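Please prepare a briefing on the structure below.

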Amino acid sequence: MILKVIRETWGHPSVTRPLGFTVAYGIGKDPSFQRPIDWEAETFGDIYQLRLQDDYKALPQKVLSLLEMSSSACGKLPFVVKTDDDVFINVYALRDLLEDIKDRTEEKNFWCLVWEGMPVIRTNHSKWYITKEKYSDSAYPNYCSGSAYIINSVVLDALLEQSNHTVPLVPAEDVHVTGILARQAGVGHVQISSRYAFKSTNEDKIADGQTIFAHLGPGAEDRGEQLWTYLVWKRKQVKNELADGL
């Protein structure tokens, strides 16, 4: 199970707590998988389970519900990072990035990989097919890769407020939340595409902190463990080299 790998690697409390991070997990309704979910929730106390089914069309509402839960549970936070479960995060590099933007907690921006001018898919056999009746424009507003993005409490509140007046027209949560809702709420985007990796995940770039978010896709469990082992080894090696130089 991918949550187990996250808990044992970059999401382990011994790693995240010294960095000032709290990791929580959002899961939709799945009767066939309820017993393991209940066990995880009781054991770790960090599971948010929704009444929504875990399917593609429910993703916009699922993400918004989780953002609302985070706001209710944690109050005003400097930053919230939303990520998919098949993304490996160099949390040390993430901490450094958040430190760099710590004075920007009042800005209405996403920090993310920004997709610009993406066309609306009209091919009816595509998973992302949208009719003109649902969405009439030929291209979407700028939006973030849904793999991972960073927001502050100002943006979180603006998105949740706007979502109360907006019916999701597009099942892609990244388009709806970070594109359509963002535009309506007056939220912009800061491009940090160089901090993302897809398919080709270079171990050294991840370990050195050039890559913060690595989308692993299928096989994320094994690959995530490998990347973490290498990251830990590389950090120890750098620490030893610095010690030797003193």
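Where does Asn 152 lie? Asn 152 is in the loop between strand E6 (143–151) and helix H6 (153–163). The model is predicted: local features need pLDDT of at least 70, side-chain atom pairs count only at pLDDT 80 or more, and totals for chains, interfaces and linings use all residues. Residues are numbered from 1 along each chain as its sequence is written, and side-chain values use heavy atoms, with hydrogens and water left out. Helices (H or I, at least four residues) and strands (E, at least two) are DSSP runs, numbered from the N terminus.

**Asn 152**
- Asn 152 counts as buried because its relative accessibility is 0%; buried means under 20% relative accessible area, exposed over 50%, and partly exposed in between (1.4 Å probe, protein chains only).
- The side chain of Asn 152 reaches the backbone oxygen of Glu 107 at 2.7 Å.
- A polar atom of the Asn 152 side chain also lies 3.2 Å from the backbone oxygen of Thr 105.

**Helix H5**
- In helix H5 (residues 91–100), the buried residues are Val 91, Tyr 92, Ala 93, Leu 94, Leu 97 and Leu 98.
- At the start of H5, a side-chain oxygen of Asn 90 comes to within 3.1 Å of the backbone nitrogen of Tyr 92.

**Four-stranded sheet**
- An open sheet of 4 strands has the order E3-E6-E5-E7, with mixed pairing; two strands pair if DSSP finds at least two bridges between them.
- Strand E3 (80–83) and strand E7 (188–191) are the edge strands, each pairing on one side only.
- The twist from one strand to the next averages 35°; axes are lines fitted to C-alpha atoms, for helices over the stretch in contact, and angles run from 0 to 180 degrees between N-to-C directions.
- Strand E5 (residues 109–115) runs parallel to E7 and is joined to it by 4 bridges.
- Asn 109 stands opposite Gly 188 in E7.

**Three-stranded sheet**
- A further open sheet has 3 strands in the order E4-E9-E8, again with mixed pairing.
- E4 and strand E8 (196–198) are at the edges with a single partner strand each, so one side of each has no neighbour in the sheet.
- E8 and strand E9 (residues 213–215) run parallel and are joined by 3 bridges.
- Ala 197 stands opposite Ala 214 in E9.

**Cavity**
- The whole structure has 1 cavity of 30 Å³ or more; on a 1 Å grid over the protein atoms alone, a cavity is a set of points where a 1.4 Å probe fits but cannot get out, a pocket is an open set with protein on both sides within 12 Å along at least five of seven lines, and lining residues have an atom within 4 Å of a point.
- The largest cavity holds about 60 Å³ of space.
- Helix H1 (2–8), strand E4 (87–89) and helix H9 (220–245) are the elements that give two or more residues to its lining.
- The largest share of that lining, 3 residues, comes from H1.
- The lining of the largest cavity includes Trp 10, Asp 85, Asp 86 and Leu 216.

**Second largest pocket**
- The second largest pocket holds about 230 Å³ of space.
- Helix H2 (13–19) and helix H3 (34–44) are the elements that give two or more residues to its lining.
- H2 gives the most to this lining, with 3 residues.
- Among the residues that line the second largest pocket are Arg 7, Arg 17, Phe 21 and Asp 46.

Notes
A polar contact is a pair of N or O atoms within 3.5 Å; within protein, one must be able to donate a hydrogen and the other to accept it, and residues adjacent in sequence count only if both atoms are side-chain atoms. Grid points are joined across faces, edges and corners, and a volume is the space filled by probe spheres set on the points.
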